[in-house]
Amino acid sequence: MTARLLFNTNEIEPAALEERVRRAAAALECLGVRQGDVVCILLHNSPAFLEAQLAARLLGAYWCPINWHYKADEAGWILRDSGAKVLVTDDALRAQAAAGIPPDLPVVADWVRFIQEEELWNGEARQPGTLMPYTSGTTGRAKGVRRLPQTPEQLAQLQQGMRQVLGIEPGMRALHPAPLYHSAPSSYAAQATLHGELLVLEERFDAERALALIEPHRLTHAYLV
């Protein structure tokens, strides 16, 4: 990690964020998550969401965001169809989706407690995992978009495209109030954390708050809808 994370009034320095992600990777691996597996995330925008997706990436697994507006039927479909190995959520959203959660699926509902006592993951480097989003389901059930593993050349081309199109580069200081359960905001947040200097993650967009954050934090980029 190169970026400092700011969420509400909480700041997480890059080294601390790296440590949290590595602890999370170790904890997920203890639950059986391996390369190519799927980690579903049903959370509001939060450090836990970002840490969970980066931990899945570190393990070479897919992270699969679930829209937090979904109820049991919609969330349950994604959990079953994706072949999820684990669900990361919180108590309130777990209750909202409870009837759709497969009974044998491990559920992490207290992220801080889940990672706090783990050793740092120090497994062998592997091809980074990637996002596995689900479509909006306008013509039926939502469908998972599962990308094949990328070659080093493809990864380099992707990073070049991120830099040219989205400005993902060292020194960027980004405001991010967009919902992480959507595919592009999820990818943007991960890349900004890996390559930028500061990520100001917000729970939602508020125009006055956004304007108030730009000057004191010297923000150079923003992901807005």
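Colleague: How many aromatic pairs does a search of the whole structure find?

Modeller: This is a predicted model, where local features need pLDDT of at least 70, side-chain atom pairs count only at pLDDT 80 or more, and totals for chains, interfaces and linings use all residues. Residues are numbered from 1 along each chain as its sequence is written, and side-chain values use heavy atoms, without hydrogens and water. Rings of Phe, Tyr and Trp (its six-membered ring) pair if their centres lie within 6.5 Å. The search of the whole structure finds two aromatic pairs.

Colleague: Is the pair of Trp-111 and Phe-114 stacked, edge-to-face or tilted?

Modeller: Planes under 30 degrees apart count as stacked, over 60 as edge-to-face and the rest as tilted. The centres of Trp-111 and Phe-114 lie 5.6 Å apart. Their planes make 40 degrees, so the pair is tilted.

Colleague: Which helix holds Trp-111 and Phe-114?

Modeller: Helices are DSSP runs (H or I, at least four residues), numbered from the N terminus. Trp-111 and Phe-114 are three residues apart, so about one helical turn separates them. Their helix, residues 111-116, is α5.

Colleague: Is Phe-114 buried or exposed?

Modeller: Buried means under 20% relative accessible area, exposed over 50%, partly exposed in between (1.4 Å probe, protein chains only). Trp-111, at 6%, counts as buried. Phe-114 has 19%, so Phe-114 is also buried.

Colleague: What percentage of the 225 residues in the protein do buried residues make up?

Modeller: The C-alpha trace spans about 50 × 40 × 35 Å along its principal axes. Of the 225 residues, the buried share is 47%.

Key. Helices (H or I, at least four residues) and strands (E, at least two) are DSSP runs, numbered from the N terminus.
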